[in-house]
Amino acid sequence: RAAAAPQYLTALNPEQREAVETLDGPVLVLAGAGTGKTRVLTSRIAHILSEGRARPSEILSVTFTNKAAREMKQRLGVMLGQTVEGMPWLGTFHAIAGRILRVHAELAQLKSNFTVLDVDDQIRLLKQLLQAEGIDDKRWPARMLAGLIDGWKNRGLTPSQVPSGEAAIFGNGKGGKLYTAYQERLKILNAADFGDLLLENIRIFREHPDVLRQYQHRFRYILVDEYQDTNVAQYLWLRLLAQAPSPLTSPRLRGEHSRPSADVLEEGRRGEATALARSASGEGQNLDISLEDSAPHPNPLPVNGERGQTPKNICCVGDDDQSIYGWRGAEVDNILRFDHDFPGAKVVRLERNYRSTGHILATASHLIAHNEGRLGKTLRTEDVDGEKVSVTGAWDSEEEARSIGEEIEQFQRAGEKLNEIAILVRASFQMREFEDRFVTLGLPYRVIGGPRFYERAEIRDALAYLRVINSPADDLAFERIVNVPKRGLGDATVQLLHDHARKRRVPLTEAARAIIETDELKPKPRGSLRDLLASFDRWSAQRDAIPHTELAEIVLDESGYTEMWQKDRSADAAGRLENLKELVRSMEEFENLHGFLEHISLVMDREGGGDEDAVSVMTLHSAKGLEFDNVFLPGWEEGLFPHQRALDEQGRAGLEEERRLAHVGITRARRRAKIYFATNRRIHGSWSTTIPSRFLDELPAEHVEILESKGGAGWGGAGGYGASRFDNIESFGSSYSTPGWQRAQSNRGRGGGFNESGARYGGGGRRKPLTIEGELIAKSTG
Ligand code: ATP
Ligand code: MG
C-alpha cells in the first residue's frame, strides 16, 4: 500500500478511519449528530473503490432521501477526483427496491413497465373496492384502509400474514379481504404502490432463493445511513440481502425461512401501535422516492459470478437519539440489536461533533438527556463556544414570523447566505405565516420535503370554493370541488356539464343552472347539483354582509368539507384540519375575500427557484441529516411541540420521540440556533394563551440566552402588557430574572398532567380556562 494515505482517509479522525477501513464483516457506527456518520459512509465507498474491493455496481448504498443520494454521489466524485461511472445502487430503499422489482417484475405478476401509484390513485382504487363490497365509505373511509394497508406493508405483511384480529378492525371484519382484493386489482392494472416495492422484493427473495442468491453475490458491500429509522420491511429486506449466500448459518435466519410469517408477525405485533400510521402526504414527511434511476439494469446479474463465500460486509450508521419515524413504523430496535443480527459486528462510536459550536451541542445534549429510553453517549466539540442558543418569546405567531423575518434580513445585511438559513417547524400549518411574511418581504425561500402551504390539497380545495364565490366563472375551481366531498356528481355529470358549457360557450356553473331545469340528469345528481348551486347562491349573498373569514368558516362547514376530514380516520387528517384552520386565520390579514385571493395568486406564482440563494422552510422531520449555519426553531409551545397527539398517547414513547425531534432540530445548526415561542396562538378561531414548551425547561441555563421579541409586544414585558393584566397566566413570568417557562412547569404540575385527551394546547388541566378571546382576558382579570 502506498505510504501516503489518500486525502479522504487523512481527513478522518482515528475512530472514523477505523469504521472506513474495516471492510470485512459487519460494522455499526452508533454515534450522535454531526459526528461524521454520513461522511464515514461516503469515505467508505471511496475506500472500497480505490482499494479495488468491488466495482461500483457491487455496492449497495441506502440513503434516506434522494437528495442525500445525490449529495453522496457528488461528494464521492470530489473524494475520488473524478465522477464515479456506474454507481447505480445508490438511493432510497424505495428507489432501489423499485429498480430490482422492474428486473423481476414477472415474478410478482407484473410487467417491467409497471406504474407506481401515488396516494390519490391508491385512494381511488380503494374506494372502488369498498363500493364493490358494499361498504359505506363514510363509516369506513378509503383513507383509513390505505393507512392500514400501508402499515401492514411497512411491517412486511402480505395479505395472508396480517393477523386476523387486526385485519378485522376495518369494515366489519372485511379488512383482510379488501387487502387481498386490492393486491389483485393492482396486478390487473400492472401497478404497485410504494409499499409494494419493498414487499414484493421480500416476497421474491423468499420464494426464489436463486434470485436472492444472485443479489447476495452482487452486493459485496452494503451501506445504510439513518439506520435508526428503518421499518420492519426495510429491515427484513436488508437482512435477506446481507446474509451470506449459503449455507444459512443463523438459526434465527433459518427459522425465518421455514416459517416466514411467524417471525414477521412477532415483529409486526410490536409495531401495532403504528398500524394506522400513514405514509401519505402528511406532516413532516419526506417520502422522497422518485424512481429516477430505476431503469432496468442493462446487465442484470452475473450469471456465473460465484466468487466463493461473500462476506457480509454491511455497514450501518445511525443514532438512536434521532429516531423520529416511530409513528410511521420505524423500529429503533433495529439499531439496538444490530450485533445480535450480525454476530461479530464491530461497533464504532464517534464522540467528536464537527458540526456545531459548544453552546449548541451542550444545549442539545442536555435536552436529550431527559429521555429514559436511550443508550446515552457523550458528545464533545473542539469548536468555539460561539453564540448561546437563544429563546425568544413573541406575542403571537404573527409577531414570531415578523421577528424571524427581521433577524433574517439582518443576517443578510451581515453577509450571511440565505442558503445557510433554515426554519424548522413542527407542523406544516406553521409554514403559512412564514411564507406569507417572506412574500411580503420579497425574501426568496423554498419549502423542502413537501408542498408549500397554499399548494396543499386541502388548501386548494378550500380555495376552490372561495374562488367560485368570488368568480362563478372559475371553471377550474368549480370542477375541483363539484364532487368534493362526494355528492354523487361523478365523471359522467361533469362530462355533461362540459358538453353543455362548450356548446353554449358559458361557464360550468351556468351550464349547471341550465341542466337542472332539464331531465338530462337522473333525479339524484340533479338534486345534489341543485343543492350545490343553491349553496353557492347563499354564500354569494352573504359575501358582502359578513366578514370574509366567517364566510370561509360557513362555506367549509356547510359544504361538508370540514366534516369530510373530521370523519377521516387516517393519520394525516388531523394535520389537514389544522391547515384549514390556519387558512381561515391567514385571511384575517386581508380586508376582503378579493384581496385575499389576489394575494394567494401572487404567492402561488412564485417559483421556488432551484439554485437561487433562498431560506429553507421545512418540517423537523425532513431536516434529518441536513445542516445549516443558522437554524430557527419556532413554535415551542405545549400542544404544538411537543405535539398534542404525542401528549395524548399513553406512556412516554410519544413524548420521547418529540424530544428526539427537538434534539434533531437543534443539532442541525452549525453556528446559531434560535428557538421561538408565541404566548398566544389562534386555535379553533379563538385566541388561546399557550404554555411554553416543557422542552424549554429542559435547556441548560448556562448555554441559553433569553431574548425578547423585537416586535415590542413581548411576553409579559415591555409591550405594555403588565403582569396584572395577565393575572391568570402568571406562568409566563412577570419578571425576566425568572425565565417564564421555568415557572410554567409548576403550573403544569398543578394542572394534573397533560395526557388527558381533549387537553388542547396545554389548556386542559389548568386551574382556570385560558382559552378566552383576547379582549376578555382584560375584563375577567381587571
Ligand atoms: P447526522 O447525525 O446529523 O446525520 P452525521 O453524523 O451524519 O450527522 P455528517 O453530516 O457526516 O454527520 O458530518 C457533520 C459535519 O462534520 C459535516 O459538515 C462533515 O463534513 C463534518 N465532518 C465530519 N467528520 C469530520 C472530520 N473528521 N473533520 C472535519 N470535518 C468533519
Ligand atoms: Mg448523517
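The axes of helix H17 (residues 358-368) and helix H30 (residues 653-666) come within 9 Å and cross at roughly 175°; axes are lines fitted to C-alpha atoms, for helices over the stretch in contact, and angles run from 0 to 180 degrees between N-to-C directions. H17 is therefore roughly antiparallel to H30, a term applied to angles over 145 degrees. Ile360, Thr363, Ala364, Leu367 and Ile368 of H17 meet Arg659, Arg660, Ala662, His663 and Ile666 of H30 in this contact, two residues being in contact if their C-beta atoms, placed from the backbone, lie within 7 Å. The residues of the contact comprise 6 nonpolar, 2 polar and 2 charged. Here Ala, Val, Leu, Ile, Met, Phe, Trp, Tyr, Cys and Pro count as nonpolar, Asp, Glu, Lys and Arg as charged, and the others, Gly among them, as polar.

The model is predicted: local features need pLDDT of at least 70, side-chain atom pairs count only at pLDDT 80 or more, and totals for chains, interfaces and linings use all residues. Residues are numbered from 1 along each chain as its sequence is written, while chains are lettered from A and ligands numbered from 1 in the order in which they are written.

The secondary structure of the chain consists of 33 helices and 16 strands, taken as DSSP runs (helices H or I, at least four residues; strands E, at least two) numbered from the N terminus. Of the 782 residues in the chain, 49% are buried, that is, have 20 or more other C-beta atoms within 10 Å of their own. Among contacts with a separation of 6 or more, 78% join residues 24 or more positions apart.

The largest nonpolar core contains 163 residues, of which Val29, Ile222, Ala422, Ile423, Leu424, Ala462 and Leu466 touch the most other members. Such a core is a set of buried Ala, Val, Leu, Ile, Met, Phe, Trp, Tyr and Cys residues joined through C-beta atoms within 7 Å. Beyond its neighbours within four places in sequence, Val29 contacts Ala19, Lys37, Val40, Val317, Val348 and Leu350. Another core, of 17 residues, lies apart from the largest one and includes Leu126, Ala146, Leu157 and Ala167.

Around ligand 1 there are 18 residues, with Gly36, Lys37, Thr38, Arg39 and Tyr354 nearest; a residue is near if its C-beta atom, placed from the backbone, lies within 6 Å. Helix H3 (residues 37-50) supplies the largest share of this shell, 3 residues. By class, the shell holds 4 nonpolar, 9 polar and 5 charged residues.

Technical notes. Buried ≥ 20, exposed ≤ 12 C-beta atoms within 10 Å, placed from the backbone. Parallel < 35°, antiparallel > 145°, perpendicular 65-115°, else oblique.
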